[in-house]
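Here is a friendly briefing to read alongside the model. Keep the viewer open as you go through the topics below.

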Amino acid sequence: MTASSFKRASRIAAIELSEIVQIQEAAQKKRAEGHDVVALGTGEPDFGTPEHAKDAAIAAMRAEDTKYPKTAGNPPLREAIVEKFRRDNGLALDISNVIASTGAKQVIFNALMATLEPGDEVIMPAPYWTSYSDMVTVCGGVPIVIPCGQDSGFKLTAERLEAAITDKTKWLMLNTPSNPSGAVYDVDEMQALGEVLDRHPQVWLMSDEIYEHLVYASNGFQSAWSILPQLNDRTLIINGVSKSYAMTGWRLGFGVGPAELISAMVVIQGNSTSGASSISQAAAVGALNGPQDLLAERRASFKERRDLVVEGVNACEGLSCVSPPGAFYVFPSCKGVIGKTTPTGQALKDDADFCRYLLDSQALALVPGRAFGVPGYFRISYAYAKSDLEKAMVRLRAGCEALV
Ligand SMILES: Cc1ncc(COP(=O)(O)O)c(C=O)c1O
């Protein structure tokens with residue numbers, strides 16, 4: 001049935017499902033047609049949920065922990081989150097600083113919904129995680145995108161931040177380690193950005209640290225909350241169990257920030273989901289309070305996969321990438337293949353054409369850089385089995401070699 005009188009609200013008039021979802025769907029369609037598709041489009045670790053997280057969820061079900069949760073998150077989870085920040089980040093928080101939501105995505109959405117007035121500006125360095133700009137638009141804000149290519153290590157500098165701030169700037173959204181570039185801001189770089197924010201007290205910092213456990217350098221990761229203590233009264237940290245503990249389907253994320261902001265976010269949450277699933281909350285308590293050795297083991301496995309992919313990409317004519325220090329993505333430039341012609345005579349005019357060509361000719365699904373605000377690049381997620389990555393690299397090379 002179709003509804004001829006249906007009209008989308010203007011806040012989503014220009015927004016579609018993300019290109020990542022569209023590519024994943026195109027790959028599934030091709031697979032259903034009988035093709036052996038390698039799809040490296042999503043950022044979903046191939047590991048299982050930790051056994052102790054599953055056990056905690058089962059125990060919660062058996063104990064009838066199946067009623068409405070506390071809107072901000074049940075106390076055992078919020079206490080486990082406080083403890084996580086003490087253990088991993090050396091921070092002393094109170095549970096009034098913590099909200100647990102249906103995925104980190106909902107934490108971000110709550111924050112934007114709770115704070116943006118129409119026309120408020122949100123600065124985001126590109127490449128950014130696709131949902132950032134759409135979420136800002138849905139919440140009535142204006143995304144201010146600052147392109148930061150490979151030459152700047154895909155990172156925002158203090159000068160460029162300063163130049164982008166106006167009277168309407170409400171948030172700076174940073175993501176470190178980054179999806180899709182894998183870039184990680186070091187302490188000096190964060191401090192330089194912090195100095196700019198010191199001069200603009202109306203600007204809040206949203207630091208999305210969901211990949212914090214995936215930093216490959218030995219000096220590890222430091223949260224913005226500890227690097228920039230002077231900004232703690234206007235910083236929101238985003239995190240969750242999706243990536244670190246391979247628990248994407250449980251939909252459990254968390255945020256920490258000033259109590260007033262968290263309370264405002266709880267109002268949004270109370271009027272949308274009423275809080276995260278009680279069973280997922282119990283699973284997250286299991287993951288956060290259980291043995292943590294798996295984090296280092298998984299990090300070592302991802303590092304091997306990263307090296308395999310970086311080597312594979314750099315062996316392809318026309319492609320180049322740096323070895324990213326964090327997350328599980330590689331973001332190569334494909335500028336060297338743009339303008340080339342495919343065996344069927346089609347000229348590749350941009351990164352989207354290149355990715356479409358790879359899907360059509362090599363049954364390889366990757367995401368074009370334009371989905372992250374930076375055309376001329378593409379993203380490979382290496383959160384997949386090594387055998388898939390090896391197959392993907394063979395296909396990528398064959399696809400590049402076939403271009404003239
Ligand atoms: C940078 C970033 N932030 C947040 C999220 C959302 O995480 P969740 O699955 O917990 O909603 C993702 C997921 O891909 C992400 O890459």
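Two residues count as in contact if their C-beta atoms, placed from the backbone, lie within 7 Å. With that in hand, helix 4 (residues 104-115) lies across strand 2, strand 5, strand 6 (204-208), strand 7 (235-240) and strand 8 (253-256), and runs at about 45 degrees to strand 8. Helices (H or I, at least four residues) and strands (E, at least two) are DSSP runs, numbered from the N terminus. Axes are lines fitted to C-alpha atoms, for helices over the stretch in contact, and angles run from 0 to 180 degrees between N-to-C directions.

This is a predicted model: local features need pLDDT of at least 70, side-chain atom pairs count only at pLDDT 80 or more, and totals for chains, interfaces and linings use all residues. Residues are numbered from 1 along each chain as its sequence is written.

**Domains**

- The protein is split into domain 1 (15-44 + 294-401) and domain 2 (51-289), with bounds that come from an automatic or database domain assignment.
- Taken over C-alpha atoms, the centres of domain 1 and domain 2 are 27 Å apart.
- Domain 1 gives 26 residues to the contact, and domain 2 gives 30 residues.
- On the side of domain 1 that touches domain 2, helix 1 (19-32), helix 11 (293-314) and strand 9 (329-330) each supply at least two residues.
- Helix 11 provides the largest share of that side, with 4 residues.
- Sorted by class, the side of domain 1 that touches domain 2 has 15 nonpolar, 6 polar and 5 charged residues; here Ala, Val, Leu, Ile, Met, Phe, Trp, Tyr, Cys and Pro count as nonpolar, Asp, Glu, Lys and Arg as charged, and the others, Gly among them, as polar.

**Around the ligand**

- The ligand is surrounded by 13 residues, and the closest are Gly103, Ala104, Lys105, Asn179 and Ser242; a residue is near a molecule or strand if its C-beta atom, placed from the backbone, lies within 6 Å of it.
- The shell around the ligand has 8 polar, 3 nonpolar and 2 charged residues.

- Seen in order, the strands of an open sheet of 7 strands run 2-8-7-6-5-3-4, with mixed pairing; two strands pair if DSSP finds at least two bridges between them.
- Strand 2 (98-101) and strand 4 (142-147) stand at the edges with a single partner strand each, so one side of each is left without a neighbour in the sheet.
- On average, neighbouring strands of this sheet are turned by 20 degrees against each other, direction ignored.
- Strand 3 (residues 121-126) and strand 5 (residues 169-175) run parallel and are joined by 3 bridges, and Glu121 has Thr169 in strand 5 as its bridge partner.
- An open sheet of 3 strands has antiparallel pairing and the order 9-12-11.
- Its edge strands are strand 9 and strand 11 (367-368), each of which pairs on one side only.
- Strand 9 and strand 12 (residues 378-381) run antiparallel, joined by 2 bridges, and Tyr329 has Ser381 in strand 12 as its bridge partner.

**Helix packing**

- Helix 12 (residues 351-362) and helix 13 (residues 386-401) pack at an angle of about 105 degrees, and their axes are 10 Å apart.
- Helix 12 and helix 13 are therefore roughly perpendicular to each other; angles of 65 to 115 degrees count as such, under 35 as roughly parallel, over 145 as roughly antiparallel and the rest as oblique.
- Tyr357, Leu358, Ser361 and Gln362 of helix 12 make this contact with Arg395, Ala398 and Gly399 of helix 13.
- The axes of helix 11 and helix 13 cross at roughly 5 degrees and come within 9 Å, so these two helices are roughly parallel to each other.
- Arg305, Leu308, Val309, Gly312 and Val313 in helix 11 meet Lys386, Leu389, Glu390, Met393 and Leu396 in helix 13.
- The contact of helix 11 with helix 13 has 6 nonpolar, 1 polar and 3 charged residues.

**Backbone details**

- Most residues other than glycine have a negative phi, and most peptide bonds are trans.
- The peptide bond from Ala126 to Pro127 is cis, with omega near 10 degrees, and Pro127 is found in the loop between strand 3 and helix 5 (131-138).
- Asn179 and Pro180 are joined by a cis peptide bond with omega about 20 degrees, and Pro180 is found in the loop between strand 5 and helix 7 (187-198).
- Glu64 is not a glycine, yet has a positive phi of about 60 degrees; Glu64 is found in the loop between helix 2 (51-62) and helix 3 (75-89).
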